[in-house]
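Please read the following report alongside the sequence and the model.

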Amino acid sequence: MNILVLCTGNSARSILLETILSELSDGRIKGFSAGSKPAGKVHPQSLKLLSGLNFPTKDLRSKSWDEFAGSDAAEMDCVITVCGSAAAETCPFWPTTNGHAPVQAHWGIPDPAAAAQPDWDVAFETAFDSLSRKAAALMALPIETMAPVDLKTALNQVATV
C-alpha cells in the first residue's frame with residue numbers, strides 16, 4: 001500500500017511519518033512524503049532523531065507534492081495530512097490524479113519545527129511518539145483488504161489515537 005504524507009514544509013512531521021510507515025510496516029506500506037511549500041531541506045532535528053533511532057536517513061529529502069501528481073508517479077492508496085490545526089496551518093488538499101482518488105485522512109500534529117531550538121528534542125520526540133502510535137494502530141489493521149470506505153473510517157479513528 002502506498003501512503004503519501006503531506007504537510008506544508010515537508011521537513012519534519014511528514015518526513016517522520018514517511019519513515020515510520022516504510023520502516024516499521026514489514027513491507028506492507030511504502031511511505032512517501034511531500035509538501036505544498038517544501039522547505040527545501042529536511043529539518044536537522046528530524047535527521048538527528050531518526051538516525052538516533054537507527055532509521056535510515058540517507059534518501060530523505062524535502063520535496064514538492066508536484067512530484068506525485070504526474071502521470072509517471074506512483075499511485076497512492078492513501079493521502080494523510082499531518083498539519084496542526086492549532087497553529088492555523090493550511091493543510092494541502094490532494095486532488096484526484098490520473099482518475100484515481102486515494103483515501104484521504106487528517107492526523108493533526110503540532111509542528112515540531114516551529115519550536116525554539118532549545119525545545120527541539122522534546123518537540124520532535126513528542127511528534128514522533130504521536131505519529132508512531134497512529135502508525136502502529138494503522139498497521140494493526142488488515143488495511144490491504146479493507147474497502148475504501150472502511151479504510152477511510154479506520155484512518156479517521158486512528159487520528160484520535
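The model is a predicted one, in which local features need pLDDT of at least 70 and side-chain atom pairs count only at pLDDT 80 or more, while totals for chains, interfaces and linings use all residues. Residues are numbered from 1 along each chain as its sequence is written, and side-chain values use heavy atoms, with hydrogens and water left out.

The pairings of the sheet can be set side by side as follows.

| E1 and E2 | six | parallel | Cys7 and Gly35 |

Taken together, four strands form an open sheet in the order E2-E1-E3-E4, with parallel pairing. Strand E2 (30–35) and strand E4 (103–106) stand at the edges and have a single partner strand each, so one side of each is left without a neighbour in the sheet. From one strand to the next the twist averages 20 degrees. In general, strands of a sheet pair through backbone hydrogen bonds, either parallel or antiparallel.

Within E3, Cys78 and Ile80 point one way while Val79 and Thr81 point the other way, and all are buried, a term that means under 20% relative accessible area, with exposed meaning over 50% and partly exposed in between (1.4 Å probe, protein chains only). Helix H1 (residues 13–24) lies across E1, E2 and strand E3 (78–81), and runs at about 170 degrees to E2; such angles run from 0 to 180 degrees between N-to-C directions, with axes fitted to C-alpha atoms and, for helices, over the stretch in contact.

Two further helices meet elsewhere. The axes of helix H2 (residues 44–52) and helix H3 (residues 120–139) come within 10 Å and cross at roughly 65 degrees. Their contact (heavy atoms within 4.5 Å) is made by Pro44, Gln45, Ser46, Lys48, Leu49 and Leu50 of H2 and by Trp120, Asp121, Phe124, Glu125 and Phe128 of H3.

The structure also holds two aromatic pairs, a pair being rings of Phe, Tyr or Trp (its six-membered ring) whose centres lie within 6.5 Å, with planes under 30 degrees apart counted as stacked, over 60 as edge-to-face and the rest as tilted. In the pair of Phe32 and Phe68, the ring centres are 5.7 Å apart and the planes stand at 70 degrees, so the pair is edge-to-face. Phe32 lies in strand E2 and Phe68 in the loop between H2 and E3, so the pair ties together parts that are 36 residues apart in sequence. Phe32 is buried, with a relative accessible area of 16%, and Phe68 is buried as well, with 9%.

Finally, Ala159 lies in the segment after helix H4 (148–158) and counts as partly exposed at 23% relative accessibility. Leaving aside neighbours within four places in sequence, Ala159 is in contact with His106, Trp107 and Lys134. Ala159 and Asn2 are 157 residues apart in sequence, and their C-alpha atoms are 18 Å apart in space.

Note on methods:
Helices (H or I, at least four residues) and strands (E, at least two) are DSSP runs, numbered from the N terminus. Two strands pair if DSSP finds at least two bridges between them.
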